[in-house]
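The following report concerns a single protein chain and the contacts within it. Please keep the sequence and the coordinates at hand while reading.

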Amino acid sequence: MVVRLETERLVLRQWRLSDYAPFAAMTANPKVMRFFPSVLSREESDQVANKIESLIAQKGWGFWAVELKKTSEFIGFVGLHYQDQAIPDAPFVEIGWRLSEKHWGLGYAPEAANEAMRFAFDILNESAVYAFTTLQNVPSRKVMSKIGMMDTNMNFNHPALDAEHPLSRHCLYKITDDMWRKSMSGSLANE
């Protein structure tokens with residue numbers, strides 16, 4: 001069964017064919033892709049979307065398509081992925097996100113990420129969730145901190161990139177079930 005999650009403003013759901021074109025526009029945008037090796041062609045973008053959609057169909061969860069409740073507009077993806085590459089502490093469940101540029105800075109990534117983590121801890125019974133990005137990706141690192149993740153200080157070279165590539169060096173963030181519950185109870189107390 002494919003899982004559908006909702007937050008106050010967002011729906012996290014299985015991908016639709018209608019998501020592929022706006023996703024391709026995102027992955028062709030140099031600003032959105034500045035912390036990735038390159039922008040993607042339409043064919044490459046469709047392959048990525050199809051793989052994500054297939055993984056969700058198999059497991060019921062993954063990098064869900066995110067849409068705004070108000071408008072049903074596709075704005076990117078947020079979700080979970082089983083990671084077994086040669087990365088410190090792997091295998092693990094990672095959390096990740098990619099949103100269209102016009103939706104940056106509105107709190108959508110942390111809102112959706114917290115719902116994805118709730119699923120990871122309450123339904124999948126994970127003891128920890130990880131995230132990683134290139135060291136230069138300050139915006140994603142801020143989201144990681146905002147959702148209560150801590151830098152493990154286990155930096156590594158991404159196994160898919162040549163060691164000399166400028167984006168090769170990555171940081172690894174982690175949050176445990178207990179850390180997440182404490183951060184959520186703290187944020188609820190501040191509302």
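In which sense do S1 and S2 pair, and over how many bridges? S1 and S2 pair in the antiparallel sense, over two bridges, where two strands are said to pair if DSSP finds at least two bridges between them. Helices (H or I, at least four residues) and strands (E, at least two) are DSSP runs, numbered from the N terminus.

The model is predicted, with local features needing pLDDT of at least 70 and side-chain atom pairs counting only at pLDDT 80 or more, while totals for chains, interfaces and linings use all residues. Residues are numbered from 1 along each chain as its sequence is written, and side-chain values use heavy atoms, with hydrogens and water left out.

**Strands S1 to S3**

A hairpin through three residues joins S1 to S2, and Leu5 has Leu12 as its bridge partner in S2. On S2's other pairing, four bridges join S2 to strand S3 (residues 63-68), the two running antiparallel, and Leu12 stands opposite Val66 in S3. Leu10 and Leu12 point one way from S2, whereas Val11 and Arg13 point the other way, and all are buried; buried means under 20% relative accessible area, exposed over 50%, and partly exposed in between, with a 1.4 Å probe and protein chains only.

Asp19 lies in the loop between strand S2 (10-13) and helix H1 (20-27), and with a relative accessible area of 2% Asp19 is buried. The side chains of Asp19 and Arg13 are joined by a polar contact of 2.8 Å, a polar contact being a pair of N or O atoms within 3.5 Å, of which, within protein, one must be able to donate a hydrogen and the other to accept it, with residues adjacent in sequence counting only if both atoms are side-chain atoms. Not counting residues up to four places away in sequence, Asp19 touches Arg13, Gln14, Ala65 and Phe74, contact meaning heavy atoms within 4.5 Å. A network of salt bridges links Arg13, Arg16, Asp19 and Glu67.

A salt bridge is a side-chain nitrogen of Lys or Arg within 4 Å of a carboxyl oxygen of Asp or Glu, and a search of the whole structure finds 14 of them.

| Salt bridge | N to O distance |
|---|---|
| Glu6 and Arg4 | 3.5 Å |
| Arg9 and Glu111 | 2.6 Å |
| Arg42 and Asp46 | 2.9 Å |

Arg9 lies in the loop between strand S1 (5-6) and S2 and Glu111 in helix H3, so this pair ties together parts that are 102 residues apart in sequence. Within the pair, Arg9 is partly exposed at a relative accessible area of 29%, whereas Glu111 is buried at 18%. Arg42 and Asp46, by contrast, both lie in helix H2 (residues 42-59), four residues apart, which is about one turn of the helix. Arg42 is partly exposed, with a relative accessible area of 45%, and Asp46 counts as partly exposed at 22%. Glu6 and Arg4 are also partly exposed, with Glu6 at 41% and Arg4 at 48%.

In helix H4 (residues 138-146), the buried residues are Ser140, Val143 and Met144. Seen down the axis of H4, these buried residues fall within an arc of 100 degrees, so they line one face of the helix; the arc is that of the directions from the helix axis to the C-beta atoms. The face turned away from the buried side of H4 carries the exposed residues Lys142 and Lys146. What covers the buried residues includes strand S5 (92-99), helix H3 (108-122), strand S6 (128-134) and strand S9 (169-176). At the N-terminal end, Asn137 caps H4, with a side-chain oxygen 3.1 Å from the backbone nitrogen of Ser140, and H4 is followed by Gly148, whose phi is positive, near 95 degrees.

A nonpolar core is a set of buried Ala, Val, Leu, Ile, Met, Phe, Trp, Tyr and Cys residues joined through side-chain atoms within 4.5 Å. The largest such core has 45 residues, of which Leu10, Trp15, Trp64, Leu80, Ile95, Trp97 and Met149 touch the most other members. H3 gives the most to this core, with nine residues. Apart from it lies another core, of seven residues, among them Ile87, Tyr130, Phe132 and Leu172. Leaving aside neighbours within four places in sequence, Trp97 is in contact with residues including Ser140, Val143 and Met144.
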